[in-house]
Amino acid sequence: MAHPSQLGFQDAASPIMEELLHFHDHALMAVFLISTLVLYIITVMMTTKLTNTNAMDAQEIEMVWTIMPAIILIVIALPSLRILYLMDEINDPHLTVKAIGHQWYWSYEYTNYDDLVFDSYMLPTQNLNPGEFRLLEVDNRMVVPMESPIRMLISAEDVLHSWAMPSMGIKTDAIPGRLNQTTFIASRPGVFYGQCSEICGANHSFMPIVVETTPLGHFQNWSSSMQE
C-alpha cells in the first residue's frame, strides 16, 4: 500500500498494473523530452538577437514541427491501445465475484458458490488491532486465489460508487441498474487496500476495499469455512 511521502505508484500486484507502470514511464519520458526541447527553444529565443531572416520562411522547419508531434502521438498511442485491449480481455475466469456498492459498505457474492455472500464494513477505530490501518480495515475481506483469472462484476444498489484497487490497476464504476465487468490476476499473495473512488454521500470516505490474495489451498479452506 501507499506510504507517507511516497512519490510514485504503489507496487504492482497484477500483470495489468505492471503494464500500466511501464506505460507511465514511457509516456513520462516523452513528456520530459518535449519539455526539454521547448525550454531550450524558449532559452534560445530570449538570448539571441533573431537576426537570421531565413527562419521567417522555412518550409523545412514547418514540416518538422508538423511531423514530429504526429510521430510522438503514435509512439504514445500504440502502447496505450495495447493496454486497453489487455484490460478488456477476459479469458476463461476461474472465479467470478460480484461487488455491490451500498451507502456506505460493500457486499460480495461469489457466484461460483451456492451460498457465499457477505457484507464488508469498515472497522471502527476502537476495534482495530495493533498494526491495522485506520479507515482501511474491514470486518470481512474479499479473499481470492492468487495466479488465477478473477472476473469482477460491479454494480450499486443506491447511488454511484467506484470499486478501486490501485495495486491491481482496477477502477470500475458501480452504477445502479448496470453491471460493469473487469478482470485481474493477482501475481503474489498479500493484502491490498482500496477505497470507493466516486463521491457517494456523507460517508464516502468510510467504505474501504480490502482484497486478500492467498494460495489456492488456503482459499478453498476459507470458502469452506465461510459456508459452514
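A salt bridge is a side-chain nitrogen of Lys or Arg within 4 Å of a carboxyl oxygen of Asp or Glu. By this criterion, E137, R141 and E212 are linked in a network of salt bridges. The structure is a predicted model. A search of the whole structure finds three salt bridges.

Two of the pairs involve R141. The side chains of E137 and R141 meet with N and O 3.4 Å apart. E212 also forms a salt bridge with R141, and the closest N and O atoms are again 3.4 Å apart. This second pair links distant parts of the chain. E212 lies in strand β10, whereas R141 lies in the loop between β3 and β4. The two residues are 71 residues apart. E137 has a relative accessibility of 2% and counts as buried, because the cut-off for burial is under 20%. R141, at 25% relative accessibility, counts as partly exposed. E212 is also partly exposed, at 23%.

E19 forms a salt bridge with R82, and the closest N and O atoms are 2.9 Å apart. E19 lies in helix α1 (residues 15-47) and R82 in helix α2 (residues 59-88), so the pair ties together parts that are 63 residues apart in sequence. E19 is partly exposed, with a relative accessible area of 24%. R82 is partly exposed too, with a relative accessible area of 45%.

The largest nonpolar core has 31 residues. V97, W106, Y108, Y110, M142, M152 and W163 have the most contacts inside this core. The largest share, four residues, comes from β5.

M152 illustrates the packing. Residues up to four places away in sequence were not counted for this residue. M152 touches V97, A99, M142 and W163, among others.

Strand β2 was examined next. Five of the six residues of β2 are buried, so this strand is largely enclosed by the rest of the structure. β2 pairs with β1 and with β3. Six bridges join β1 to β2, and these strands run antiparallel. A hairpin joins β1 to β2 through two residues. In this pairing, the bridge partner of H102 is Y105 in β2. Four bridges join β2 to strand β3 (residues 117-120), and this pair also runs antiparallel. A hairpin joins β2 to β3 through six residues. W106 stands opposite S120 in β3.

Definitions and conventions:
Residues are numbered from 1 along each chain as its sequence is written. This is a predicted model: local features need pLDDT of at least 70, side-chain atom pairs count only at pLDDT 80 or more; totals for chains, interfaces and linings use all residues. Side-chain values use heavy atoms; hydrogens and water are left out. A nonpolar core is a set of buried Ala, Val, Leu, Ile, Met, Phe, Trp, Tyr and Cys residues joined through side-chain atoms within 4.5 Å. Buried means under 20% relative accessible area, exposed over 50%, partly exposed in between (1.4 Å probe, protein chains only). Contact means heavy atoms within 4.5 Å. Two strands pair if DSSP finds at least two bridges between them.
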